[in-house]
Amino acid sequence: MGKNKIYSVHWLVVALLLNIAAQHSSADNHASSDPIGDAQQANETLDAFHRAAADADFDVYFALFSEDAVFLGTDASERWPVEEFKAYAKPHFDKGRGWVYVPAERHIVINDHIAWFDELLDSQSYGVSRGSGVLVKVEGHWKIAQYNLHFPIPNDLVDDITDKIKQFRMK
């Protein structure tokens, strides 16, 4: 490769690195000026989400999702874009039957207008479960972009449970 081509590649790499650094710096400048307030609002969104589910309040529950949200249920087949999840939940909520999950522990990490979380939940029906997902800030309000409900399996039970899942899938 000629000397001029090496310099061209070198300057291209330098320009790309400077561009990445500028974008990173710009993102840092737009970080929330109120991280405690954002964390409190994110917690309030998740608390309202669980409260609306327990109350079978369809309108409040689904107002907490972003337009392009996805709900991942406990079954591998349960990947519902929000409109499909609404269709699933509506008959249950119309009968006044929601689902009760009480947060026992929650962790939230916020970076500008995106937050990710995980929470341990108590349920009378299932015992301990875990919810995790992503929140996005839309017009000043935290919305659920993805919620993943799953059962944390104790390591001592993993082999038995995964064997049962394998057998079930072979049917």
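A charge counts as sitting over a ring if NZ of Lys or CZ of Arg is within 6 Å of the ring centre and within 35 degrees of the ring normal.

**Close-up 1. Lysine 90 over phenylalanine 58.** In this predicted model, the charged end of lysine 90 sits over the ring of phenylalanine 58. The distance to the ring centre is 5.0 Å.

**Close-up 2. Stacked rings around tryptophan 80.** The structure has 24 aromatic pairs, and here are two of them. Phenylalanine 71 stacks with tryptophan 80, at 6.3 Å centre to centre and 20° between the planes. Tryptophan 80 also stacks with phenylalanine 85, this time at 5.2 Å and 15°. Phenylalanine 71 and tryptophan 80 are both buried, and phenylalanine 85 is buried too.

**Close-up 3. Histidine 50 and its contacts.** Look for histidine 50 in helix H2 (residues 35-54). Its relative accessible area is 7%, so it counts as buried, the cut-off being under 20%. Among the residues histidine 50 touches are Trp99, Tyr101, Arg106 and Glu119.

**Close-up 4. The largest pocket.** This one holds about 440 Å³ of space. Its lining takes in 24 residues, with Tyr88, Trp99, Tyr101, Tyr126 and Leu149 closest to the centre. H2, helix H4 (82-94), strand E4 (114-123) and strand E6 (141-150) each give two or more residues to the lining. By class, that lining splits into 15 nonpolar, seven polar and two charged residues.

**Close-up 5. The second largest pocket.** Here the space comes to about 330 Å³. Thr74, Asp75, Ala76, Phe151 and Ile165 are the closest to the centre, out of 13 lining residues. Helix H5 (158-170) and E6 each supply two or more, and H5 has the largest share with five. Seven of the lining residues are nonpolar, three polar and three charged.

Definitions and conventions: Residues are numbered from 1 along each chain as its sequence is written. This is a predicted model: local features need pLDDT of at least 70, side-chain atom pairs count only at pLDDT 80 or more; totals for chains, interfaces and linings use all residues. Side-chain values use heavy atoms; hydrogens and water are left out. Rings of Phe, Tyr and Trp (its six-membered ring) pair if their centres lie within 6.5 Å; planes under 30 degrees apart count as stacked, over 60 as edge-to-face and the rest as tilted. Buried means under 20% relative accessible area, exposed over 50%, partly exposed in between (1.4 Å probe, protein chains only). Helices (H or I, at least four residues) and strands (E, at least two) are DSSP runs, numbered from the N terminus. Contact means heavy atoms within 4.5 Å. On a 1 Å grid over the protein atoms alone, a cavity is a set of points where a 1.4 Å probe fits but cannot get out, and a pocket is an open set with protein on both sides within 12 Å along at least five of seven lines; lining residues have an atom within 4 Å of a point. Grid points are joined across faces, edges and corners, and a volume is the space filled by probe spheres set on the points. Ala, Val, Leu, Ile, Met, Phe, Trp, Tyr, Cys and Pro count as nonpolar, Asp, Glu, Lys and Arg as charged, and the others, Gly among them, as polar. Lists of a residue's contacts leave out its neighbours within four places in sequence.
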